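User: Could you take me through this chain with some care, moving from its overall make-up to its packing and then to individual residues?

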Amino acid sequence: MSNSQAFNYCTFQNPPLQSRGMGNGFRSLVLAGLFVFSGCTYVNEPLNDDKVQLEDRQHNQTRAETFSDFRPVGSPSPEIATASDRLVRPTSQPSVKLVHDDDGYFVGLALSGGGSRSANFSAACMFQLQRVGLLQKVDYISSVSGGSLAAAYYCLNDADWNPKTAQEKLTHSFASDIITQLLLPWDWFALIFTDYDRSDLLANTLNANLYSRKGKQLTYADLRSDRPRLLINATDLQNSRRFIFCNAAFDEINTDLSKYPIAYAVAASSSVPVLLHQVTLRDFSTTFTQYRHMVDGGVSDNLGIESLVETYRAHEDTAKQLGLPDPYPNGAIFIIIDARTQSDAKISTQGDPGFFASLKTAAGLSTAALVNRASAATLDDVIVRNAADSTTAKDIRDALIKLSRDGYIDISTLGRRKVRVAHLSLGQLHQVERLPFKGFTESVNSISTYFNITDEEAENLYLAANLLMRDRFEEKFIELRQEMDAAATQPTTQP
């Protein structure tokens, strides 16, 4: 049994936590013993045999792509900002691959980090966007940490994508599952004596409760073709740069993305440093033993917006370089779902909170600080980078104030096409006129950044999404949807 085979067998053949008995425990203990001899570091598999010449190697073609590769055979790839996307594609690709977009708009949805709070708020906002007909227009979803739970769930499911099932699934106590696994002797044995770690425990519970179907773990091959392209963001621990689980990044390390478990990508995006272990990828591009280590995407961009901006620009630049029609002549619409709150540790009445309460508090405080520090700077940077050359410093300051006040802004890009940014944030609740009860905003802001959530907290997040949409965004979003509907019926004109 190979190293990766042993890992896959040990990790995914265990039954869900709630069904484990002593028989299964003994079996798991035996398998844990195998860990000692086989080791368990990574779950990715090679795409090409390392004897195949570089120019003859196959490349990934999943629904996770940072831009559609429509260069002629042998042409160099465009430069874009993400390091993992700077590579030359093999010449075995199709000669031309054009993007087809009926309405001519690039519509990107960014889902922020924030544990189960973000997972549920993101899903709640997505159902609201679907109600007004805008979710159906989204081309790309870029997600971080807790937002990745909802993003991947939506991109994998059809019938199960409904409020009832999503609420049941995304309110599962994932953190409690990890703690339970930590206390099981067979898992404890594996954690001490093998490379099996805390992020494997998170991936296990995500796989068992969200990303499996009829006993089969879901991989990137299972992403639905009628859903947006999915960009799950993590951070490369070795260089602190953003890492996107996408075709280009996996081509670079010669790994088959179609076989990679969605649960592990989401776990990597959610692996808060120290509290969770990094998720490791084997680099199969070389015969030398090399690895890449991924942690929480919030370290580099907690909103997930940068991946969308770069993807949009890459489409635009590549079409221009090759003299091909621009797939998005009507510009871009970026919708940001931001689950940032003021963290409330809820331990002020306890003299000694104890180990697990302290662990939960540390998770909430460290992640909230990370989220709030990174997100504001990222939003500002998006505005600055998309401003026209003639834009003054005062114009930029005014734009940032308007975005903060109204949650919506229209920017003229360097290419003189419109870029609209909608920022739907929990931090805007204080601007809603009619709240359901006194202290509602404070109640929502007290939901910690953790992978457990109560039914009451989840209900308040769904209510918050409904209030924000109806009070602040619905009219504008319907207007945008109607604009895109009208554009889809018009013949596309190129500048």
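The questions and answers below follow that order.

Analyst: The model is a predicted one, in which local features need pLDDT of at least 70 and side-chain atom pairs count only at pLDDT 80 or more, while totals for chains, interfaces and linings use all residues. Residues are numbered from 1 along each chain as its sequence is written, and side-chain values use heavy atoms, with hydrogens and water left out.

User: What share of the 495 residues of the chain counts as buried?
Analyst: The chain holds 15 helices and eleven strands, where helices (H or I, at least four residues) and strands (E, at least two) are DSSP runs numbered from the N terminus. Buried means under 20% relative accessible area, exposed over 50% and partly exposed in between, with a 1.4 Å probe and protein chains only. By that criterion, the buried share of the 495 residues is 57%.

User: How is helix 4 oriented relative to helix 10, roughly parallel or roughly antiparallel?
Analyst: The axes of helix 4 (residues 146-156) and helix 10 (residues 262-270) come within 8 Å and cross at roughly 160°; such axes are lines fitted to C-alpha atoms, for helices over the stretch in contact, and the angles run from 0 to 180 degrees between N-to-C directions. Angles under 35 degrees count as roughly parallel, over 145 as roughly antiparallel, 65 to 115 as roughly perpendicular and the rest as oblique. Helix 4 is therefore, relative to helix 10, roughly antiparallel.

User: How do the residues in the contact of helix 3 with helix 15 divide into nonpolar, polar and charged?
Analyst: The axes of helix 3 (residues 115-131) and helix 15 come within 9 Å and cross at roughly 40°, so the two helices are oblique to each other. Ala, Val, Leu, Ile, Met, Phe, Trp, Tyr, Cys and Pro count as nonpolar, Asp, Glu, Lys and Arg as charged, and the others, Gly among them, as polar. On that basis the contact divides into 13 nonpolar, three polar and four charged residues.

User: Is S145 buried or exposed, and at what relative accessible area?
Analyst: S145 lies in the loop between strand 2 (140-144) and helix 4, and S145 has a positive phi of about 50° although it is not a glycine. Most residues other than glycine have a negative phi. S145 is buried, with a relative accessible area of 3%.

User: What relative accessibility does K214 have?
Analyst: K214 is placed in the loop between strand 3 (212-213) and strand 4 (216-217), and its phi, near 55°, is a positive value in a residue other than glycine. K214 counts as exposed, its relative accessibility being 86%.

User: How far apart in space are Y220 and A64, C-alpha to C-alpha?
Analyst: Y220 lies in the loop between strand 4 and strand 5 (229-236) and counts as buried at 1% relative accessibility. Leaving aside residues up to four places away in sequence, Y220 touches A64 as well as others, including T62 and F245. Y220 and A64 are 156 residues apart in sequence, yet their C-alpha separation in space is 7.6 Å.

User: Which residue's backbone nitrogen does the side chain of N452 reach at 3.4 Å?
Analyst: N452 sits in the loop between helix 14 (440-445) and helix 15 (455-488) and is buried, with a relative accessible area of 17%. Beyond residues up to four places away in sequence, N452 touches S116, S173, F174, A175 and S176. The backbone nitrogen that its side chain reaches at 3.4 Å belongs to F174.

Conventions:
A polar contact is a pair of N or O atoms within 3.5 Å; within protein, one must be able to donate a hydrogen and the other to accept it, and residues adjacent in sequence count only if both atoms are side-chain atoms. Contact means heavy atoms within 4.5 Å.
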